[in-house]
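Please look over the sequence and the structure shown here before reading the report.

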Amino acid sequence: MNPFNLKEAKIKNPFILLLAALVVLAGTVTVLFFVPSKKVATYTPKPNKIFTVIIDAGHGGNDEGTKFKDAKEKNITLAIAKQIETLAPQYGVKVILTRHTDVFMNPISRVNFAMQQNADAYVSIHVNELRGYSYVSGMQVYVSGKNPDFNQSRLLGSAIAQDLGADFKISHTLQQRAENIYVLADNFMPSVLIECGFITNPGDLKLLTDSSKTMVISKQVLTGIAAYANHQTINEFAVQEVPSITSRHKAVLTSNPMRAKKLHRSKASKTA
């Protein structure tokens with residue numbers, strides 16, 4: 001018999017009857033007010049599994065990426081990716097490369113490969129260019145608002161940008177393109193893309209082709225990844241949407257009015 005079934009129980013003592021009623025009422029209140037709160041999406045490490053990150057060396061094979069003189073993006077990105085792989089054990093993370101050699105992989109293959117590894121994050125290494133504007137330099141970190149883990153992508157990107165900024169010139173905001181960057185938008189894990197400098201800038205080119213300098217880049221990327229993996233305090237960067245590639249030249253001038261004026265005066269003096 002249910003001890004709190006008032007219909008079945010033969011209770012003559014009013015005090016006991018009142019006590020039983022209060023217990024039933026308390027149970028009802030508990031159900032009404034202890035409703036599970038909606039869970040907020042946060043990064044949860046997979047149990048008994050070391051943090052695994054895919055390092056994607058951009059381009060490869062017949063896709064050389066950007067190039068300037070003898071330097072090719074596909075070779076620079078692979079060199080940095082291999083350095084990151086070599087250093088990774090020191091940072092307590094596992095690195096898996098999308099490619100170890102000069103081979104072509106389309107974006108779909110890269111994302112599918114990453115998913116098959118059951119990885120925790122995806123970092124794509126690239127090199128930037130801006131023909132005709134050799135004064136433009138510095139690194140940029142990209143994210144995509146279309147990524148299902150956008151908030152975590154932003155956190156990962158902020159961690160990496162924060163550490164790269166300790167040694168290198170880098171944008172103070174995370175970048176987001178209007179057009180789709182497939183390896184970011186269609187990836188089902190926190191994903192970022194790092195532009196490690198402008199191959200068209202003499203200073204950046206020198207940095208990108210110096211193994212001792214790219215070693216520092218690799219260490220800072222890993223420091224950021226480890227900070228994210230270990231849930232360290234990270235100051236989140238703002239996200240700035242940047243124009244499409246076709247209007248990039250105009251964007252550089254409009255984002256730096258003083259530089260645009262100087263360039264305009266220089267051209268005017270040459271034509272005068």
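## The chain as a whole

Of the 272 residues in the protein chain, 42% count as buried, in what is a predicted model. The secondary structure of the chain comes to nine helices and nine strands. Among the contacts that join residues at least 6 apart in sequence, 80% are between residues at least 24 apart.

The accessible surface of the protein chain comes to about 15,400 Å², and 58% of that surface belongs to carbon and sulfur atoms.

## Helix H4 and its surroundings

Helix H4 covers residues 150-164, which is 15 residues, and reaches 21 Å from its first C-alpha to its last, close to the 21 Å expected at 1.5 Å a residue. In general, an α-helix has 3.6 residues a turn, so residues three or four places apart point the same way.

## The nonpolar cores

The largest nonpolar core has 45 residues, and those with the most contacts inside it are Ile 55, Val 123, Ile 160, Leu 164, Ile 194 and Ile 225. Two or more residues of this core come from each of strand S1 (52-57), helix H2 (73-87), strand S4 (94-97), S5, H4, S8, helix H6 (202-208) and H7.

Ile 225 touches Phe 51, Val 53, Ile 55, Val 93, Val 123, Leu 156 and Ile 160, leaving aside residues up to four places away in sequence. A second, separate core has twelve residues, among them Val 111, Tyr 122, Tyr 142 and Leu 193.

## The aromatic pairs

The structure holds two aromatic pairs. In one of them, the rings of Phe 51 and Tyr 228 have their centres 6.0 Å apart and their planes at 75°, so the pair is edge-to-face. Because Phe 51 lies in the loop between helix H1 (14-33) and S1, while Tyr 228 lies in helix H7, the pair ties together parts that are 177 residues apart in sequence. Phe 51 counts as buried at 7% relative accessibility, and Tyr 228 counts as buried at 2%.

The other pair is formed by Tyr 133 and Tyr 135, whose ring centres are 6.1 Å apart and whose planes stand at 80°, so this pair is also edge-to-face. Tyr 133, at 12% relative accessibility, counts as buried, whereas Tyr 135, at 26%, counts as partly exposed.

Note on methods:
Residues numbered from 1 in each chain as written. Predicted model: local features only at pLDDT ≥ 70, side-chain atom pairs only at ≥ 80, totals over all residues. Heavy atoms only, no water. Helix = DSSP H or I, 4+ residues; strand = E, 2+ residues; numbered from the N terminus. Expected span 1.5 Å × (residues − 1). Core = buried A, V, L, I, M, F, W, Y, C linked by side-chain atoms within 4.5 Å. Buried < 20%, exposed > 50% of the residue type's maximum accessible area, 1.4 Å probe, protein only. Contact = heavy atoms within 4.5 Å. Phe/Tyr/Trp six-rings, centres within 6.5 Å; stacked < 30°, edge-to-face > 60°. Areas by Shrake-Rupley, 256 points an atom, 1.4 Å probe, with all protein chains shown as cover.
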